[in-house]
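Please look at the sequence and the three-dimensional structure together before reading on. The explanation below is meant to be followed with both in view.

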Amino acid sequence: MVLRAGHGIALLTLALLVLGVVMVNSAGLLVGSSAQKITHQLVFLGPPMQHAVLATCALCLGAMLPVRRIAGLKGGLNPAPWMLLGSILLLVLVWAPMGITMNSSSRWLDIGGVRFQASEFAKWSLPVFLGWFLTRDGIEIQRFIRGLLPTFLVIGLVTGLIAIEDLGTAFLL
């Protein structure tokens with residue numbers, strides 16, 4: 001059997017996932033007389049492992065998406081601009097009543113019992129949008145007004161909304 005590049009990426013992804021589960025489990029375990037007893041069920045069936053299984057299922061579903069067909073969609077049918085608008089909406093909703101302040105930082109949302117940071121969605125949607133925008137037909141990236149300026153404005157808007165509460169994530173983007 002010959003290993004191909006895709007096999008290597010899959011093995012590295014799996015190794016990184018296992019390492020992450022081990023690190024999160026070890027960071028969350030309490031040691032001492034007042035701590036709960038550490039069991040195999042707690043380690044292997046606890047929330048980090050449940051999240052890892054959900055992430056693996058999401059990875060498998062994402063691998064089945066017809067990327068070329070989605071990228072070929074024109075106008076309002078393409079999901080890239082909608083993803084960016086959704087992430088901007090979520091970044092603004094952080095200051096609405098559904099925004100939650102934790103550790104004196106207002107960057108969390110609680111929607112339908114699911115608590116997450118709006119910047120996590122922006123980390124995915126901004127590169128997808130920029131990839132879509134910069135590869136469209138007729139885009140003149142060499143021209144400042146029609147190509148570079150809109151790109152900088154979008155990046156500035158998203159990172160500016162994130163930087164208000166989380167400068168590190170804004171620099172990451």
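This is a predicted model: local features need pLDDT of at least 70, side-chain atom pairs count only at pLDDT 80 or more; totals for chains, interfaces and linings use all residues.

Residues are numbered from 1 along each chain as its sequence is written, and side-chain values use heavy atoms, with hydrogens and water left out. The term pLDDT stands for the predictor's confidence in each residue, on a scale from 0 to 100. For this protein the mean pLDDT is 83, and 97% of the residues reach 70 or more. Helices are DSSP runs of type H or I with at least four residues, numbered from the N terminus.

The nonpolar core is considered next. Such a core is a set of buried Ala, Val, Leu, Ile, Met, Phe, Trp, Tyr and Cys residues joined through side-chain atoms within 4.5 Å. Buried means under 20% relative accessible area, exposed means over 50%, and partly exposed lies in between, computed with a 1.4 Å probe on protein chains only. In soluble globular proteins, nonpolar side chains tend to be buried together. Here the largest nonpolar core has 20 residues, and among those with the most contacts inside it are Leu84, Leu126, Phe129 and Val158. Two or more residues of this core come from each of helix H5 (79-93), helix H6 (118-134) and helix H7 (144-163). H6 gives the largest share, seven residues. What does valine 158 touch, not counting residues up to four places away in sequence? Its partners are Leu84, Ile88, Leu91, Ala122, Leu126 and Leu173, where contact means heavy atoms within 4.5 Å.

The packing of the helices can now be described. Two packed helices are described by the angle between their axes and the distance between the axes. The axes are lines fitted to C-alpha atoms, for helices over the stretch in contact, and the angles run from 0 to 180 degrees between N-to-C directions. Angles under 35 degrees count as roughly parallel, those over 145 as roughly antiparallel, those from 65 to 115 as roughly perpendicular, and the rest as oblique.

The axes of H6 and H7 cross at roughly 175° and come within 11 Å. H6 and H7 are therefore roughly antiparallel to each other. Their contact involves residues including Ala122, Leu126 and Phe129 of H6 and Val154, Val158 and Ile162 of H7. H7 also packs against H5, at an angle of about 30° and with the axes 9 Å apart. H5 and H7 are therefore roughly parallel to each other. From H5, this contact is made by Leu84, Ile88, Leu91 and Val92, and from H7 by Val154, Leu157, Val158, Leu161 and Ile162. The crossing of H5 and H7 is left-handed; this term applies if the near helix is turned anticlockwise from the far one by less than a right angle, and right-handed applies if it is turned clockwise.

Another pair is formed by helix H1 (residues 5-28) and helix H3 (residues 47-63), which pack at about 160° with their axes 9 Å apart. This angle makes H1 roughly antiparallel to H3. The contact includes Leu17, Val21 and Val24 of H1 and Ala52, Thr56 and Leu59 of H3. The crossing of these two helices, H1 and H3, is right-handed.

Single residues complete the picture. Is threonine 151, at a relative accessible area of 7%, buried or exposed? Threonine 151 is buried; this residue of helix H7 touches Leu130, Phe133, Leu134 and Ile141, not counting residues up to four places away in sequence. Aspartate 166 lies in the loop between H7 and helix H8 (167-172). At 14% relative accessibility, aspartate 166 also counts as buried, and beyond its neighbours within four places in sequence it is in contact with Arg107 and Gln117.

Other residues have higher accessibility values. Phenylalanine 171, in helix H8, counts as exposed at 68% relative accessibility. In helix H3, leucine 54 is exposed, with a relative accessible area of 57%. Valine 53, found in helix H3, counts as partly exposed at 47% relative accessibility.
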